[in-house]
Amino acid sequence: MKRLHFFILSSLLSLGALAQTSAQSVNDSLLAQNIAKEFELDNFVVTGYQKIDRRKMTGVSTTVKIDDETVGTILNVDQALAGQVPGLSSVSSTGAPGAPLKIRIRGISSINGNQDPLWVLDGIPLDGTEVPTMDDLKDIDNLYQTSIAGINPADIESITVLKDAAATAIYGARAANGVIVITTKKGKAGAPKINFHTKLTLSPNMGLGRLNLLNSDEKVNLELALLRSDYTYHENKGEVARIIAGLGETAAYKAGGWGALSADAQNQINALRNINTDWNDILMRNAFTQDYGVSISGGGNKATYYVSVGYSDQQGNVQGVSANRFNTTMKTTIRINEMLKVGASIFVNQRKQKSFMTDTDGFTNPVYYSRWANSYFQPYNEDGSYRYDQDVHYDQVESGPDFNILEERSNTDRTRKDRQIMAIFDAELQFTDWLKFTTQLGLQTDAYTIDKYAGEHSYAMRKDWENSTITVGTDKKSFLPTTGGKHEVTEAHSSQWTWKGMLEAQRRFGDDHEMQLMLGSEIRHVDANTVYTAAYGYDPRTLTSQSVTYPSEDWVKSFPLHRETQTENAYVSWFATGSYTFKERYTLGGSIRFDGSDVFGVAKKYRYLPLYSVSGLWRIGDEPWMKRVKWIGDMNLRASYGIQGNIDKNTSPYLIGTYKNTSNLIQVEQKIDAATAPNPSLRWEKTRNVNVGMDFSFFKGAITLGVDYYYRKSSDLIGLKMLPLETGFSSTTINWATMQNKGWEFAISTRNFWRKNFHWTTQLNIGINNNKVLRETVRENQTTPSREGYPVGAIFALETAGLNEYGDPLFRNAEGEAVTLKELLKLNEDGLVTISPEEQRKLYKYMGTTDPKVSGGFINTFEYKNWTLGINFTFNFGMKVRVTPSYGNVRYDRGKNSNRDILNRWTTENTSSTLPALMYFANKPAATASDAEKNRYSEFAYYTSYGQAYNELDMWVRNCNYVRLQSLRLGYKFDMPWMKRIGILNATVSIEARNLFVIASNYDNYLDPETMGNPYAQPIPREFIFGLNIGF
Amino acid sequence: MKNIFLLSLVLLLASCDKFLDIQPTGKVIARTGEEYRALLTGAYDEFPNDRSLSTLRTDEMFLDKTDLTPNDYNTYFDIWVWNDATPSETTASFNWMHFYHPIYIASYIIEKEGEIEEASPADVSQLVGEAYMLRAYSYFILVNLYGKPYTKCNPTTDLGVPLMVSADVEAVLERSTVEQVYQQILSDIDMAKQYLNVDKWEDDFKYRFNKISADALLARVCLYMGRWQESLDASKAVIAAYPELEDITTTGYTMPDNYKSKEAIVCLERVMPVAYKSIGYPDKNFITSIVTGDLRKNRYFKAKTSQVYDLLKGGTNDTRSTFRSAEFYLTAAEAAARLGDLNEAIDHMTPIVNNRYLAARRTPTINAMKAMTQDQLIDAILESRRIELCFEGHRWFDLRRTTQQSITKKYGDDETYILEEGDSRYTILIPKEAISANPLLAQ
């Protein structure tokens, strides 16, 4: 379990001794192989281009080693990194199976561009690793896949995270967000070794109790009360209103209340109170996941091999959602002669995800629906047929096609299949003991098929019919076939090849001078295409479809039968790195890289981006004068500076158009769509990085400490800016800001207790990031304040000052007086703001930032004889969250369920409430109406049509601080003499609980502090994992 | 060995630029005449059918509570009842950016006139002329949707729409006055006249502006401005070029709103596209008010039941009309009548009557006109204009510039909605997405 020390720092320190003995041998790769295998990894940092001797590593990196025992507890590669690396934050995007984690290294450097780190597999950068934005991930249906998801974690030997400019500059522009280098296992000389592992995970269904949703009784009472109030928005929604209207008693009820209702109406309404449908229980389940893998490895003097197969089957917590993965990996290295070594590896995997169509409209997503459906609504009629929901519809509409989520689940289907093949060939030619040439060719092909089927009896199909309804003669009907369903297939293929060649010289001159120099070039070509086809009137039994007769060409665009996309990109790069080490204590390094890419409509001078870095390392601890200080083992000082540039490839100084077909009249012609605004003044985005760090080890490694300070200044940041629509475009990219990230990273590792049978170690890593926008272009039409001087995630809000006599929010103006919204924004009678945008900007108050100021992990490991107990906490402090208002004050839809805040709103009976009242006007008040009514109307018109003010109230901003018990793991290593006799080399079992509890600031009405602000998030799953690992 | 590597590196360097020269499928920066034409085709293609949408606000259309689809209710009901203050969120919006994007493309082409390659001077001139026309026509519709009617306001102080007359994405504009917008329209028409050189387009390209369309737009613009003489002169120029009318009293006529009709001058906008046509029905009171013998009652409408009529105009791919000859007879007649020249007005009405009325009703109709006072004749011409151009997107603008009469709409038995005479809702509010993108518009 010593390998639980994942950090570079701990490894650095434990290696001091070994480094001394291997100092002479690093020049000779043949000899290097003879160094104790176990330490090989720790001794070098694998950057993907080079293996750098740690003693000369001037950049900042962290290596996570995945050994046979821990592999049992991670399901995906990205999960392995969660909470393990200082400065790396990972956020689970959704609870759906196979969903990727969003990983950020040292905060955000770019706003517009990709923010994901670059993933590298055995030296070859992977394509297709971008994690989609959070907004897209709300749909469980969009089962996103990244190419990382295809890698079997059991094949991984280690993961190295490169963080600062010195470490990442060699990767060029793509490394702006950091680099994650995956090194897979390879065979080792010796007898064949067989390893088997399995892992069984149970993720129980989590209740929605924390959301505080209304129960049937509360909802019925609310509907009854609203029906008598002057809040008439969607007045006919809700079962209560339907019962009363159905019996023709609406007017009577409004006049006389409950007592005026007939016994029949009262009985029907009371019956609703006793129905309590638990939608979470109906739509969610306990999920069970299994994972198995076998690997065989071995080899002789000339050749080694590694072969593995893996299978995993994952259930989603949402019923009807599942995923599986099948992997095989083959790797071999062959030493042909003293000079030449070649290697080949092939990674093949197939993934399949199954769900049903949940993206027709927002509410058809089961996660959303479970929050919106009324608990008095039952999904089945008494005769067993589906009952259609009359309250939950898309957007704000009052009715829509028939919808029942259980019908949708059984009559629609969505399957995604991914197939991925990666092949890497490499060769190393050792000319002399100091000069070698290495070359590597990587091929990656990804293909996926998304197969969607909507049956005749499904909302998805009904929606299509509704949207395709036209008047034929005098009838209104859909032009699509009116029987059968719809079958859509999307096929996508992408392939990339990367070739790189590097000439590397490493030489020692005399006793004191070491030089290292590398020159190289890399070319890469990526192409991708997708084909979409659709068939209507589809019969899944006969596999046939019917013809579609379009009334006009325009309809082809809305209901296409065929669509294609095609992209192609090429990249060329040159790079060089070098370092000089004096007396093994002083190292100076530098690297430079030119990245070229195909950019259409961009001046050729922008084709090549230069990036460079310089760095230095001083091993103070090795100074003769430090040797006397016995309690200090190691003491290193590192410093680096680097610059990176980036240009937005989608923005051109010219007006770029896309050819399309159109038929303005009947004739089909080619047209050019010019949908992107040209921007001749766009400049490069530049980021300067400074890093200074120190590593210490005290008391023979009993305490190790690593401290890093970084400063990152990004200027001319490229960002998307909304344009006045009068320009003819809605947005463009501009250089809008200068931003800095300053931060500290601490990694402290202590051996608290170290006896023969009992070890206790503690690791604490803390990242403190301080982000500040130094300059921001504020357009004169912007109504929210500039973030200049504030973090990029700044939250601004309107300060409230209680409620007025109608229960509407009052605001604190600059003079500290409580004023109404109308007074604050000087609304005219139609609710239009009459103060200038500049004046509006001054009304806001800074509340805090959405990014944590302090984050990190706290890991304790106890080892007693063969037992290991690991306790990992992760924490985030100092962030704020803007939550969605519990209900809208002018657009609250009584048909849908909501949280209990609506019950505590201000009413004439509840005037002490701090939650705003509901407000509604069916018509503009007459000219004779009172001023008070007119004023209130103008606020109402503002809230309904123009204003964000309600969402921007300070009451919707909350603190978010939390500590989460991320993992509690107990492992046992079998070490019985009899095992050897039957050939078992090692065996471990473990049980682990993930996300057992969280200690946090108030997150009422939300499931987890992490997902506060999104009432529709899936809960962060609690998982119980059993792992078994046996080696023969 | 090292030399070989260096050599290959040099070769690589040389071939790199080529390797990176990837022409993305379908992407283009317009350079040739053909490409600029495709750019303009794209702008034409995008041009909104908002004149048709405005039909909903007029007294032409009736929504039937018994068969209005939920989707149509959610999308169009609030437009029909002029609920501009608190429309439901799903209500369709009149366009803003889709007028300004063609305006941008038009300005772009105008600015690039000297840089268009591989095209004859005549082709370039026509292209630029069409760009001026497209810009003028876009502003004409914008100012009539979102600005007060020229003759019913103080055009020099009342606000119209922002004037963007250069291809500049960095500009942030305030609203110009109605007068400024109209002056820009007149100036663009004037420029277009100097550039346009195609007299007639083939049927399939009739969506493009031709030479006479500059006079056609001028006639309409001056009519809206109350400049009767200029409107009359321009109308007469259009009539001279396009004198023919469909004779709907015979068989074998083509519906005048069809782009293949001999009346068609420019056919850019759709006449009641299917999506709009299927929302409701023509107002019964309107149809029954048409006198018997006026065959437009039978050719433009068909009784479905005793209460409900179907519209025979619009609704197909072929029904498109922006300018057609009948409009200019009516415009000439109205302008002449307003100038007091009643005989000339009747002269312009005669071809309309001859091609629309039963033979037996023609002379009595003309005679009746001859007996009218100036005001009566103007009313008769406006009524004929209403019938002739019904459902072609003229009614809303005509109501605005003329009587701004009160309109009452009934939905089902119990819901009544009233637009008062001269109601402020005769001017549509600027879409809220435009205001949130540029709060300077909120004034």
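B:Phe205 is partly exposed, because 17 other C-beta atoms lie within 10 Å. By the criterion used here, a residue is buried with 20 or more other C-beta atoms within 10 Å of its own, exposed with 12 or fewer, and partly exposed in between, the C-beta atoms being placed from the backbone. This is a predicted model, in which local features need pLDDT of at least 70 and side-chain atom pairs count only at pLDDT 80 or more, while totals for chains, interfaces and linings use all residues. Residues are numbered from 1 along each chain as its sequence is written, and chains are lettered from A and ligands numbered from 1 in the order in which they are written.

Let me stay with that phenylalanine for a moment. B:Phe205 belongs to the loop between helix 7 (178-195) and helix 8 (213-225) of chain B. Helices (H or I, at least four residues) and strands (E, at least two) are DSSP runs, numbered from the N terminus. Between the C-alpha atoms of B:Phe205 and B:Ser325 there are 18 Å, and the two residues are 120 apart along the chain.

I turn to chain B as a whole. Its secondary structure amounts to 18 helices and 9 strands. The radius of gyration of chain B is 25 Å, close to the 22 Å that the globule rule gives for 443 residues, so chain B is as compact as a globular protein of that length. That radius is taken over C-alpha atoms, and the rule is 2.2 Å times the number of residues to the power 0.38. The C-alpha trace of chain B spans about 105 × 50 × 45 Å along its principal axes. Of its 443 residues, 51% count as buried. Of the contacts in chain B between residues at least 6 apart in sequence, 68% join residues at least 24 apart; a contact requires C-beta atoms, placed from the backbone, within 7 Å.

Which residues touch the most other members of the largest nonpolar core? They are B:Leu39, B:Ile109, B:Ala136 and B:Leu217, in a core of 177 residues. Helix 6 (residues 121-146) of chain B gives the most to this core, namely 16 residues. A nonpolar core here is a set of buried Ala, Val, Leu, Ile, Met, Phe, Trp, Tyr and Cys residues joined through C-beta atoms within 7 Å. Leaving aside residues up to four places away in sequence, B:Ile109 touches B:Tyr36, B:Leu39, B:Leu40, B:Leu127, B:Val128 and B:Ala131. Another core, of 46 residues, lies apart from the largest one and includes A:Phe44, A:Val45, A:Met57 and A:Leu118.

Next, the interface. In chain B, 68 residues are in contact with 73 residues of chain A. Several elements of chain B each supply at least two residues to the side that touches chain A, among them helix 1 (2-20), strand 1 (27-29) and helix 5 (97-111). By class, that side has 40 nonpolar, 15 polar and 13 charged residues. Ala, Val, Leu, Ile, Met, Phe, Trp, Tyr, Cys and Pro count as nonpolar, Asp, Glu, Lys and Arg as charged, and the others, Gly among them, as polar.

Strand 1 of chain B also runs antiparallel to strand 26 (residues 656-662) of chain A, joined by 3 bridges. There, A:Ile656 has B:Ile29 as its bridge partner. Two strands pair if DSSP finds at least two bridges between them.

Chain A holds an open sheet of 5 strands in the order 3-8-9-6-7, with mixed pairing. Its edge strands are strand 3 (61-65) and strand 7 (124-125), each pairing on one side only. Strand 3 runs antiparallel to strand 8 (residues 156-162) over 5 bridges, and A:Ser61 stands opposite A:Leu162.

Is A:Thr184 buried or exposed? With 20 C-beta neighbours inside 10 Å, A:Thr184 counts as buried. This threonine is in strand 9 (residues 179-184) of chain A. Not counting residues up to four places away in sequence, A:Thr184 touches A:Asp122, A:Asp155, A:Ile156, A:Glu157 and A:Lys331.

Finally, a hairpin in chain A. Strand 22 (residues 562-582) and strand 23 (residues 586-597) pair in the antiparallel sense over 12 bridges, and A:Thr581 has A:Thr587 as its bridge partner. This hairpin has 3 residues between the strands, and A:Lys583 in the turn has a positive phi of about 55°.

Methods:
Two residues are in contact if their C-beta atoms, placed from the backbone, lie within 7 Å.
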